[in-house]
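Hi,

Here is the structure I promised to pass on. Please have a look at it first, and then read my notes below.

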Amino acid sequence: LTRPQFVQVMDNLVSEDISLLSVKILASFIREEYEQTEEEKMKQQEKVHHISLMAQRKQLLEALFDKWDSTACGSLDLEEMVAVLSTFEGGMGREAVMKAKEHLCSRYPQLSKVGKLSPKTFQTFLELIASEFTGNDDENIDDLVKFLTTRVEQSGMKSLESSARKKWLQDIQQAAETSRMNMDPVYKAVFKALSQDVEFHGDNKKIGAYIALLEENQLSPEQENALLRYVACTPDDAPYVLNQVLHRDMKGVSFAAIDQGKPIYVPSVQLHGNIHFWNSDRPEEERKGSFLVLPLHDARWRVFGILGLDTLWDPSETSIFLTHEILFYEGVCRAFSRAYHHICTQENVLKVAVTALDWLYPRAPNINTVTMYLVAPGKDKNYGLCKMITTDNTGQKEIHSSPVVLLREENLLRDDLFKCADSSEVTLLSVYGEHHIAVPLHDLSRQTLGIFDISIGQHKKLPPQEQKDLQKMLKMTQAACTEVLKRSLEETEPIYVLEAEHMANVKHAGILFHRFMLQELRECI
């Protein structure tokens, strides 16, 4: 237990009206009676050492990845890394590298097709290589890191360029984390990153940029399964591009980029013959410039949309995109994908919560209200609580599209909610004479992701059956949210249990709640 968790457990253990003397007696008893055995102490030390070691290794390998990713494209070429690593120890490690590559491609089948290493697969690759050598894995990884560090060089100017680009990519992720599930700040951060790069590293040429996402064709599903809807673009293109829909049978190379899963670059649109111009008012003689389409991939390298750029607005007819620019735009695509799926994951967590509350309310009439918060990161490691769902005593819900954010310093009367978030433990509290149970939702590292603030009114506790149903709901909600978080990060295919899950995808994350409820029911039979 951490200190906040220990305090919370003790606070839950004693009642509200307990005397200070009783608290002191309890503290004295625990202080005298608690004794850790040598075996427990050793196990705890080993666990702490292992966690520390894994964190240091992750940090070390992420820094190495960044050093090799000099263009900030967000991935490394698999074959290039194989070629470099095959010279480790004078070529003695080639067999180990090839075996590790085979295991890696078996674990991540998409690697054979895309040939790109993400930070996670890069770390896995080095760990697999280290395991092929004799001796200590940690020492083997240290040797590999030293070897790779000596094989990459960067000039001072190149290093500054790379640092600036990575900062702009971080701004995209930060926009997602602080946007309260609004995509507009993310789109703005993407276009700002592109414009800054053009200004400092792209000869200050004038570009147009747009993002289109794949969606199902609801109107004519017999004609095609998917279409591209343009959801965001730079201001000059907005009157012509925003909310437009591109179909497969229309002119353009965007679907070719989607099918191939690779960027398509057209240096001279006037010579290509298969470019779709949304601005039909543009004269033929002005339809000159370069055009670039990059597919947007999720963590499992499935395409879910495109990022397009052109120089049609640039007065120079010879304005082109250079290789280092295209590689950075690939990094922008990966940063946008992470940001987009971060917001999708939060939406899915809310869908799970809504489904869970729908299940709970008919079974627990003594619950007055439930408010669901998501933790919103802030500056200097401070955070707020974003009020996402409120439910009244009839079970009627309101999902807030513009959620209010509670800050600790402005809401001292709700400090217990922040204590729940700090400790990531259940907290019992009283607000204006009403009894509340604050229950945290955990992320994959056991940190607080969200909080259910459950009011039971004047009752000090729920009837036994209602309490049992509440505990069951909370358990299934946590299991479903954990699955949602894993699926957003995993680069391997998820395991589906129900047939409906194959079709559910983002829209029906709530089905996971019923899946875990059904699994528990099967285990009880």
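Met-81 is buried, with a relative accessible area of 1%; buried here means under 20% relative accessible area, exposed over 50% and partly exposed in between, with a 1.4 Å probe and protein chains only. Before going further, please keep in mind that this is a predicted model, in which local features need pLDDT of at least 70, side-chain atom pairs count only at pLDDT 80 or more, and totals for chains, interfaces and linings use all residues. Residues are numbered from 1 along each chain as its sequence is written, and side-chain values use heavy atoms, with hydrogens and water left out.

Met-81 sits in helix 4 (residues 78-85); helices (H or I, at least four residues) and strands (E, at least two) are DSSP runs, numbered from the N terminus. Which residues does Met-81 touch, not counting those up to four places away in sequence? They are Trp-68, Leu-76, Leu-117, Phe-122 and Leu-148, where a contact means heavy atoms within 4.5 Å. Met-81 and Phe-122 are 41 residues apart along the chain, and their C-alpha atoms are separated by 9.2 Å.

The UniProt record, an unreviewed entry, carries the annotation "domain: EF-hand" for residues 56-91; such positions are given in the numbering used here, feature names are shortened, and annotations may be inferred rather than shown by experiment. In the model, the span 56-91 is 58% helix and 6% strand, and its end C-alpha atoms lie 28 Å apart.

**The whole protein**

The protein has 17 helices and 15 strands, and its C-alpha trace spans about 85 × 60 × 50 Å along the principal axes. Of the 525 residues, 46% are buried. The domain assignment gives domain 1 (3-34), domain 2 (39-157), domain 3 (160-330) and domain 4 (343-524); these bounds come from an automatic or database domain assignment. The centres of domain 1 and domain 3, taken over C-alpha atoms, are 59 Å apart.

An open sheet is formed by six strands in the order 5-4-3-8-7-6, with antiparallel pairing; two strands pair if DSSP finds at least two bridges between them. Strand 5 (245-246) and strand 6 (264-266) stand at the edges with a single partner strand each, so one side of each has no neighbour in the sheet. Strand 5 pairs with strand 4 (residues 226-233) over two bridges, and Arg-229 stands opposite Val-245 in strand 5.

Is helix 13 largely enclosed or left open by the rest of the structure? Of its 38 residues, 29 are buried, so helix 13 is largely enclosed.

In the loop between strand 6 and strand 7 you will find Asn-279. Asn-279 counts as buried because its relative accessibility is 11%.

**Strand 9 and its partners**

Strand 9 (residues 369-377) pairs antiparallel with strand 15 (residues 448-455) over six bridges, and Thr-371 has Asp-453 as its bridge partner there. Eight bridges join strand 9 to strand 10 (residues 383-391), also antiparallel.

Best wishes
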